[in-house]
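Here is a short report on charged pairs and a nonpolar patch. Look at the sequence and the model first.

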Amino acid sequence: MSMRKEFQEFIAGGNVVDIAVGFVMGAIFTTLITSFVDTIIMPIVAIPFGEPSFDTIIWTVNDSQILVGSFLTALVAFLLTALGLFFFFVKPINLYRQRTAKAVEEEPAGPTEVELLTQIRDSLRDR
């Protein structure tokens, strides 16, 4: 098989397309959660502190500025984004998987292969 044809089959295969779709959906979902955190959650965080970010918190040591506030803002945004992803994406998918697994478990199991062969043997013997 030529390398070109092998590569073409690889690209046309379901795995690459699934990964690409998942990547795009993840990027879009991340944008959505980031917007939610920046426009709704961070202003709520600002209520007790007076500002929607901690960027004004700066430590000065020997004429050197340590931007602690920028790090805290990024940390809070990361934690809130992670919580948003967990509650809006991971948790619902896990619940869906649990429900579908229970539905599969509740289906009555048919006879095993050995039981079927025993039934066939017995019906042939009775003839």
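Arg125 is exposed, with a relative accessible area of 56%. (Exposed means over 50% relative accessible area, buried under 20%, and partly exposed in between, with a 1.4 Å probe and protein chains only.) This is a predicted model: local features need pLDDT of at least 70, side-chain atom pairs count only at pLDDT 80 or more, and totals for chains, interfaces and linings use all residues. Residues are numbered from 1 along each chain as its sequence is written, and side-chain values use heavy atoms, leaving out hydrogens and water.

Arg125 pairs with Asp122 in a salt bridge, that is, a side-chain nitrogen of Lys or Arg within 4 Å of a carboxyl oxygen of Asp or Glu. The two residues sit three apart in helix H4 (residues 113-126), so about one helical turn separates them. Salt bridges with shared partners link Arg121, Asp122 and Arg125 into one network. The structure holds two salt bridges:

| Salt bridge | N to O distance |
|---|---|
| Asp122 and Arg121 | 3.1 Å |
| Asp122 and Arg125 | 3.7 Å |

Asp122 is partly exposed at 29% relative accessibility. Arg121 is partly exposed too, at 46%.

Now the nonpolar side. A nonpolar surface patch of about 850 Å² includes Ile57, Trp59, Phe71 and Leu72. Its residues have over 30% relative accessible area and no salt bridge, and nonpolar side chains are joined within 5 Å. Helix H3 (68-106) gives the largest share of the patch, five residues. Strand S1 (59-61) supplies at least two. Leu72 lies in helix H3 and is partly exposed, at 31%.

Conventions: Helices (H or I, at least four residues) and strands (E, at least two) are DSSP runs, numbered from the N terminus. Patches are made of residues with over 30% relative accessible area and no salt bridge: like charges are joined within 9 Å, nonpolar side chains (Val, Leu, Ile, Met, Phe, Trp, Tyr) within 5 Å. Accessible areas come from the Shrake-Rupley method with a 1.4 Å probe; for residues, only the protein chains shown count as cover.
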